[in-house]
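The questions below ask for it.

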Amino acid sequence: MGAVTTPARRPEDAERDADVIRRIRAGDRSGLDDLYDRFRRPAFALARRILADDALAEDVLQEAFLSVWRDPAAFDRGRGSVASWILAVVHHKAVDAVRREESQRRRQALAEDDLARSTPTAARDVEDDAWSRVVAQQVRAAMGVLSDAQREALTLAYYGGYTQREVAALTGAPLGTVKTRMLSGMRRLRQELGGTGVQDGALGALDGATAEEGRR
């Protein structure tokens, strides 16, 4: 316990210190106040030297003197003076505080690392959602130039998920007519969406539906 330096004491101080401890053991709260007044300065200096933080040092002092109040029997006169015991308690509490602070810093660093790793994923999700909305808006705008029959067939296929044969049944048009409407509508959409950068992603589903129907 080399970090603890016991302050210089006069011979009569030892008896006064022992009397204070006796009063604390008897439940006399003023004894704790006297003990605090007698050792506050060296105790604070020790805690601050270990913690390098005034607020933490004050917290450690409160914790140390509270522990003395709760367990004054822990003082053993045969093992040293009251001064050395008090400073040993403060030293122990300060070291514990350093360990807690270090543990908290490690947990905070890990949490920040986790956040940093998850942020790019979250950002990509937001970007994907925004891009999907842009594509949907541009497709809707492009479909406005189609004829009613083309728009109906492609809307049923694109938004409704119906096959060409099902679209034919729903609209009452021959299957060949539906295929022609969808094919001509797709060509018009490609013209409208050309150069927007959304053509492949937006029309991929329709291409897939057309190809799937063609294989049947």
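Q: How many salt bridges does a search of the whole structure find?
A: The search finds 15 salt bridges, a salt bridge being a side-chain nitrogen of Lys or Arg within 4 Å of a carboxyl oxygen of Asp or Glu. The model is predicted: local features need pLDDT of at least 70, side-chain atom pairs count only at pLDDT 80 or more, and totals for chains, interfaces and linings use all residues. Residues are numbered from 1 along each chain as its sequence is written, and side-chain values use heavy atoms, without hydrogens and water.

Q: What makes Arg99 and Asp96 a salt bridge?
A: Their side chains meet at 3.7 Å, N to O, which is within 4 Å. Arg99 and Asp96 are three residues apart in helix α4, so about one helical turn separates them.

Q: Why is Arg99 called exposed?
A: Its relative accessibility is 56%, and exposed means over 50% (buried is under 20%, partly exposed in between; 1.4 Å probe, protein chains only). Asp96, at 24%, therefore counts as partly exposed.

Q: Which parts of the chain does the pair Glu63 and Arg100 link?
A: Glu63 forms a salt bridge with Arg100, with the closest N and O atoms 3.7 Å apart. Glu63 lies in helix α3 (residues 54–70) and Arg100 in helix α4 (residues 82–143), 37 residues apart.

Q: Why is Glu63 called partly exposed?
A: Its relative accessible area is 31%, so it falls between the buried and exposed limits. Arg100, at 45%, is partly exposed as well.

Notes:
Helices (H or I, at least four residues) and strands (E, at least two) are DSSP runs, numbered from the N terminus.
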